[in-house]
Amino acid sequence: MYFNLPSGLHSIVYSAYTLSTLTQAYAAVLKPNEYLDLLSNPDSNDSWNLSSDDLTSLAWNLKQNDTNGNSLLGSLDASHFDKYLPDRRRQVIAPWGDRRTTNADPNDAPATGIVRSYNFTIARSTLAPDGVQRPVMLINGQFPGPTIEANWGDTIQVTVDNNLDNEGTSLHWHGLLQSNTNDQDGVPGVTQCPIAPGQSYTYSFRASSYGTTWYHAHYSAQYTAGLYGAMVIHGPTDNAPYDIDLGPVLLADYYYQDYYSTVKDVMGTDLSKISPLSDNNLINGKGIADCASSGGSCTPNAGLAEFQFQTGKTHRLRLINAGAEATQKFSIDNHILTVMAVDFTPIVPYQATVLTLAVGQRMDVLVTAAGSPADSVYMRSTISSCSRYKQPNALALMYYPEADKNVSPSSQPQTDDTDPCAEADIASIVPSYSISPTNQPERVYEIDITVNRNATGNILWAINNSTFRADYNNPTLQLLRSGASLNSLPSDSNLVDFGASKSVQLLINNFSPVAHPMHLHGYDMFVLAAGGTGPASTATKVVWDGSVTNPQNPLRRDTFLLQPNGFMVVQINSLNPGVWPLHCHIAWHVSGGLYLNLLTQSQDIADTGRGSDLTEGLCGSWNAFTGSLAPDQIDSGL
């Protein structure tokens, strides 16, 4: 939403949230029990449950284009993937040569010289992913958005046309390190100005890591309206061979209310609305709604995602939690999952029946179809009890070759004994390629996360008592490149300068009773230690005892779940020049300001050659747009 302003006036319209943030006028830091009391609203968890026992018919009432638009994801026509993309020479060997998961740093990409180009158009539409018809935002008319495919070391170029009538936008490439391309990271107010309505911008960056990830809008909570999609980057797979790559499996909680209204509630003073409950849970953009309680236009038995097994073959599934808030528990009835990678880190394979994925996390898993040719079973993703929902269960169908596709599977769910608020024990996840962080980091920085009530009655998140807010018209990176001093930056830019330090250790303390999936841009984090409690109001904050797990080869990933009342200790080899966000990936928490900027190798953040595109192009068109229409920036902007 935008307000008309006199021509030439570029200042942002400040709500009570932004004004109080600028002055950091906190009335109180909430204790865990006080925050939990605010969440005790009448719309409790388990308003209804989708059960596989209730599915007596697999005759879907909506077509693929009604639920997913132009996307084939979730249908049996969805693409499978080869082990790598051929280049113009049609090579018959993998482009990474003799590099293996065990002998090559997964972030030391080969130089392929190949450019993979994509054109994205962002526009509004209407879909019914679970049967409830609602306004959405789509990329190329697809939900989820188009899958980007490349080889390790390729250059990816994506031209984004913003056809939204009254909103800016941007796209972030989750988990890609953007070495020497910090300005392509896609964070408005930090690395770029938003792409103005009617304008376009071409992102260009290397596929510096390999495996599975996703891209998403980073402008407010736009991605929860549908602006996200998978990225498949082919690389070595010697740690866990397989036969068939079934491609992305995107797991996402789902909200019927439009994202702007939800953010407005989250940032408002009606404290019963500060932590919304998701309405449903989807796999590859499909689900089934309870039309009796959903309100509005609803078609029952809309349809579920479907996958095809080949008997006796081993299949790769690329799991992605692309949701707004929910931690997901993933399983397949009667089948064991072999995990081969977490985020962008290939690992020594381990087996499980139920896997935990926090928002932003990915897992590459292998499943061997060891059943009978006529079998069919359910794939399940269930929202953890540590999250906020009305209906937690997402289902999809796994068919063997001779299965009767008109008959519901009789398979039963796996037993889930995993911790609802924590991921797998970090001691059990061992990277295939060993990297040892120094035990004497040059900088150690402590981060305290709190939830606060400010002077106007709004609930805000804070890092070290400071709530973040983006300035879309003056991105932090560009200010620093133009010579601005650190002291001249607004305090709510939440910037910490680590100078030329080559190693930084972060101790992150969670003084709240809820979990936070913490995502760091620009780096894979060494996860050295973690602990916490369940979401109990009386729980005592768990304190790090100084011990380190697997110090010679600790877990590495770009997103890690910080437990309630707990801590996580991470470390980076801080050699990537740039301004790198560290934030909670729960959309409503980053809206509330739970965000920090890490400035690393600040002496080397000079323009990388795209400066004029950003300052004169993106910022020029954005400033022209906001000269008469200033955004009603009701949240942090991210």
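**Pocket, cores and loops**

Guide: The largest pocket has a volume of about 490 Å³. Keep in mind that this is a predicted model.

Visitor: Which residues lie nearest the centre of the largest pocket?
Guide: Asp105, Asn107, Leu177, Tyr523 and Asn573 do, out of 19 residues that line the pocket.

Visitor: How does the lining divide into nonpolar, polar and charged?
Guide: Six residues of the lining are nonpolar, eight are polar and five are charged. Asp counts as charged and Leu as nonpolar.

Visitor: Moving on to the cores, which residues touch the most other members of the largest nonpolar core?
Guide: Leu171, Trp173, Leu317, Phe330, Leu355 and Met379 do, in a core of 154 residues. Strand β11, residues 244-254, gives the most to this core, with seven residues. There is also a second, separate core of eleven residues, which includes Trp48, Leu58, Leu304 and Leu397.

Visitor: What does Met379 touch, not counting residues up to four places away in sequence?
Guide: Its list includes Val249, Ile283, Phe307, Leu317, Phe330 and Ile332. Ser331, Ala394, Leu395, Ala396 and Met398 are on the list too.

Visitor: Now the rings. Why is the pair of Tyr254 and Tyr256 called edge-to-face?
Guide: The ring centres of Tyr254 and Tyr256 are 6.0 Å apart and the planes stand at 80°, so the pair is edge-to-face. The cut-offs are centres within 6.5 Å for a pair and planes over 60 degrees apart for edge-to-face. Both Tyr254 and Tyr256 are buried.

Visitor: How many aromatic pairs are there by this rule?
Guide: The count is 22. There is also an aromatic cluster formed by Tyr118, Phe120, Trp173, Tyr201, Tyr203, Phe205 and Tyr215. Trp173 is also among the residues that touch the most other members of the largest core.

Visitor: Let's look at the backbone. What is the peptide bond from Phe143 to Pro144 like, cis or trans?
Guide: That bond is cis, with omega near -10°. Pro144 sits in the loop between β4 (134-139) and β5 (145-151).

Visitor: Why is Asn140 called partly exposed?
Guide: Relative accessibility of Asn140 is 27%, so the residue counts as partly exposed. Buried would need under 20%, and exposed over 50%.

Visitor: Where is Asn464, and what is its phi?
Guide: Asn464 lies in the loop between β23 (459-463) and α6 (476-481). Its phi is about 50°, positive although Asn464 is not a glycine. With a relative accessible area of 33%, Asn464 is partly exposed.

Visitor: What makes Pro475 count as buried?
Guide: Pro475 has 2% relative accessibility, so it counts as buried, the cut-off being under 20%. Pro475 is in the loop between β23 and α6.

Visitor: What is Pro475 in contact with, leaving aside neighbours within four places in sequence?
Guide: Gly189, Val190, Thr191, Gln192, Cys193 and Cys619. Pro475 and Gly189 are 286 residues apart along the chain, yet their C-alpha atoms are separated by 4.0 Å.

Visitor: Why is Ala128 called buried?
Guide: Its relative accessible area is 8%, so Ala128 is buried. Ala128 is in the loop between β3 (115-127) and β4. Setting aside neighbours within four places in sequence, Ala128 is in contact with Leu62, Asp66, Thr67 and Gln133.

Visitor: And Gly153, buried or exposed?
Guide: Gly153 has a relative accessible area of 4%, so it is buried. The loop between β5 and β6 (155-162) holds Gly153. Beyond neighbours within four places in sequence, Gly153 is in contact with Ala109, Pro110, Thr112, Arg206 and Ala207.

Visitor: One more: what makes Leu618 buried?
Guide: A relative accessible area of 3% does, so Leu618 is buried. Leu618 is in helix α8, residues 611-626. Leu618 and Asn301 are 317 residues apart in sequence and 44 Å apart in space, C-alpha to C-alpha.

Conventions. Residues numbered from 1 in each chain as written. Predicted model: local features only at pLDDT ≥ 70, side-chain atom pairs only at ≥ 80, totals over all residues. Heavy atoms only, no water. Core = buried A, V, L, I, M, F, W, Y, C linked by side-chain atoms within 4.5 Å. Buried < 20%, exposed > 50% of the residue type's maximum accessible area, 1.4 Å probe, protein only. Helix = DSSP H or I, 4+ residues; strand = E, 2+ residues; numbered from the N terminus. Contact = heavy atoms within 4.5 Å. 1 Å grid on protein atoms, 1.4 Å probe; cavity = no way out; pocket = protein on both sides within 12 Å on 5 of 7 lines; lining within 4 Å. Points joined across faces, edges and corners; volume = space filled by probe spheres on them. Phe/Tyr/Trp six-rings, centres within 6.5 Å; stacked < 30°, edge-to-face > 60°.
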